[in-house]
Amino acid sequence: MKRSELFSRILIVAGILLAVGAPLFLWTRTPLIHARMAEDGGWNPDVIRAEVGESLHLKITSDDVVHGFAVGQMDMQSVDILPGKVSDITLNFDRPGIYTFFCTRWCGLNHWRMRGTIEVSGSPSDPEPAAVPLYVSLDLDLDAPHEVPIIPSTQPSADNGQRLAVQLPFDFSADYYRSHSPYQAFNDLSATSLTESQRWDVVAYLWQTNTTSESLANGQKLYAQNCASCHGENGAGDGVFADDLAIAGESSMQTMEGAMDMMMQTPVDFTDPRRMLGAIPALLQGKILRGGMGTGMPMWGSIFTEEQIWDLIAYIYSFQFEYQN
Amino acid sequence: MAKIELTRSPLIKNALKSRYPQLAVFVVMLVGYIFAILAGLIGTPVGSHNFSIVFVWIAWWAILILVAVPFFGRGWCAVCPIPLPGEWLQRGAVLSPPDKRPKWLNLRVPKIFRNIWLQNISFLLLALFSSVLLTTPNITGIVLAAMLFAAIGLSTVFERRAFCRYLCPVGGFIGLYSQTAPIELRIKDKQVCVSCEGKPCYNGSQVGYGCPWDVFPGGLTKNTYCGLCMECIRTCPHDNIAVNLRPFSADLSKPSTRMDEAFKAFIMLGSAMIYAGVLLGPWGSLKDAAYNVGTSAWFIYAVIFLAIIFIILPGIFRLMIFPSPTGRDAALSLSKGAGVRAFASLSTALIPLGLMFWVAFSLSFVLTNASYILAALSDPLGLGWNLFGTANIAWQPMLTSILTPAQTLALVGGLIWSARTAQKAAGEVKVSPIPVIVYCFLTTSLMLWLLL
Amino acid sequence: MRFRFSLLLCVMAGLVVAFAPLPVQPITPQEQTFQIDAHQFAYSPSELKVNPGDTVTIRLVSTDVVHGLYVDGYDVSVEADPGQSATLTFVADKPGSFRFRCNITCGAMHPFMIGKITVGTNNWLLRSIGLAALAVMGVMISIKPKA
């Protein structure tokens, strides 16, 4: 055949092979973690291997909506994972173990289920025994109802309580705070000569004194990012997913057969004093750690540090009490 | 206004006659097309960051509907890569024609399919699934691949460019709208063709192939079916074929009376309005219905879509031009056949209008999303590349202040153009153009309301 | 001659229709607040109406994934995660009809997630229809009987 014909054929074939081959090759050499809404598979892959002391480089992209990436109980800034774009993340681990990574931008009703694990192997340093959560050592039943018969007529003022508490022989320690509900503290104060309203104010002060304004601010941030979608931006249990949770009740992934009372409920209303004033902080910690066992409340044990959970709890009670800033 | 023969310029004539410039463009297009298929299949599923969606439905579509069709008619067909592998197989060559007989089946397309009804149907099929097609890279990749393989398959069975002429969904409307374009390919002197032996422009010769579009260049009076492939310019031994610059919509002064083309005009008019309402409107339930293919909502949407196109739009048109089925027709002593021809020729007034509807509609989403083009160029597969440094350009609508005036200009301009076309077409069949003009005014007002 | 004159008349009438200032009803600008819920792929409400000069506050509540709201013509935007609603405030000093759209990729139909805000009356639409009517009349006047 003519030289021009041969050359043209070679050009065409070469062009096509290049246009197909080069991207394909580069594609196979770019292992990506794909983030999708939990309903469409979540993280893929969702198990990553790493070594103690070796940097782990991750390339993550979103296949649908805005997601975020963070590793639980590690001090790191979460990284946004944007649709169609690749985020580069480098992690370092000093201790072997199984770490949980999770999505940090709400991406649908099942956003909290979007989790994976990083299995870090290496020579174990002194193994740390897992701390027993307070609700276990107190032997609290996390699912027992805790409605109280008496509620304050106005929102208790911690400011007032502080003034009243000056001379009071009362235990304002963290141990007491964590193991007693506001109502129990209210009852324990009946030995004093304070009025009911004044006793509530002292309880409010007890709660305030066991946290700081930084902790409250931190708790508010954690609440906004993790809880508000279901529990409502103002704590009233009317978040954007509240209705969906109620509807999803019957098809809940975690519904146990026969456990009708464990079906998806609507999210707790933190502004309801009947319920909240009967809640022991250790019980709330337990709920947050363990999750709701079929109610749609996520388990946060592998995600939040203990300090984060206490901050969050302090913020949740702030719907009940008027704290001074 | 007279015609200007562009091929009088030796530069232009040689550029068109030589196979090399064309081949260079073909290679680039074919490689780009195959890359788009690949990107659709293995790239990110996020449409706005995938080369296939951005370069097909934003970049290519913008160039097609805003530049190629209005100014070059079937100019896109001249460079389209889809028929090429099949055609090269048919010819057994990429560049020069060997003198041996074609090696494949080379059957003639059956008469029943030798019209644009298949193209009407293929366009509608894409249109009904358009919400998914326009936003999902792997679907776009599959459709592009399917068109390529369909073209190859048809080339091994039928003669010439059967896919292009009878199946391609794009070719259907490009052909119709090319009648409005200011460029044409025509013979210079009819007598030369009458005395020409062998008609190599249609049958091929030592230096070139017979028209791949199954058109006899000697009889070309309209742009509709000529794909500007330039093969006839190469084969004509008498140098009797020219490419001319001419006034816009010169072909519409001889309005076609074909029903397949008439319905194509309604299909394009109707789908532009439906797209404007569904995709650019504030009505979320319509978008859900259009996107969730397979649900009963989509089914209802599809039925309404087809009803608008096949029953409502043509029905109202027909009622307006012939208000009473028996009275007026009888008064004009139009036979049934003549009535059908009048319907078809009057509907050619909708051709410039439909083109402008599509221009106005496309301007909106192209200007809004053109910023994705540079980003997709640098990171075509969404793998985190940055080939040209533009991968992180943020989304930003462009030229927003000129959008609404441009849309008004296009739509009102299209209306004037259609009204003039209606006058000429109506003059030919001796009816009043006013019903057609009013119809155009009403649909234009509806489109203005949908877009502005 | 007559034809050119009527053409000129049409063009001038067209310019008037397109550009002549319309009488403005003096309405005191107010502050208007709207809550817009965003979900894949629509806003609720998706059509807003305000008066020229109003200070418009939009509280965007995302109900499923992260969404944004960008106002064409005003080039202002806001984004909101579910559980963290965000507000956008701007002065509606440009009259007309403007689309607002999602500017945070939120799924397949994201490019078509659109709503409309109308500031005052959609004058440009009325002018355009006026121009269309004028164009049609102009064409019909120019029907010259063939000699």
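## A pair of isoleucines in chain A

Let's start with two residues you can find in chain A: A:Ile48 stands opposite A:Ile118, which belongs to strand 9 of chain A. Keep in mind as you look around that this is a predicted model.

Strand 9 covers residues 115-121 of chain A, and strand 3 of chain A pairs with it in the parallel sense over five bridges. In general, strands of a sheet pair through backbone hydrogen bonds, either parallel or antiparallel.

Now step back to see the whole sheet in chain A. It is open, has five strands in the order 3-9-8-5-6, and its pairing is mixed. Which strands sit at the edges? They are strand 3 (47-51) and strand 6 (79-81) of chain A, each of which pairs on one side only. On average, neighbouring strands of this sheet are turned by 30° against each other, direction ignored.

## Where chain C touches chain A

Chain A also has a partner: 15 of its residues are in contact with 14 residues of chain C. The side of chain C that touches chain A is made up of six nonpolar, six polar and two charged residues.

## Two domains in chain B

Chain B is assigned two domains, domain 1 (1-253) and domain 2 (255-451). Their C-alpha centres lie 23 Å apart. The contact between them takes 39 residues from domain 1 of chain B and 36 residues from domain 2 of chain B.

Which helix of chain B gives the most to the side of domain 1 that touches domain 2? Helix 3 of chain B does, with 11 residues. Altogether, the residues on that side of domain 1 of chain B divide into 26 nonpolar, 13 polar and no charged.

Methods: Residues numbered from 1 in each chain as written. Chains lettered and ligands numbered in written order. Predicted model: local features only at pLDDT ≥ 70, side-chain atom pairs only at ≥ 80, totals over all residues. Domains from an automatic or database assignment. Contact = placed C-beta atoms within 7 Å. Helix = DSSP H or I, 4+ residues; strand = E, 2+ residues; numbered from the N terminus. Nonpolar A, V, L, I, M, F, W, Y, C, P; charged D, E, K, R; others polar. Pairing = 2+ DSSP bridges. Axes fitted to C-alpha atoms, helices over the stretch in contact; angles between N-to-C directions.
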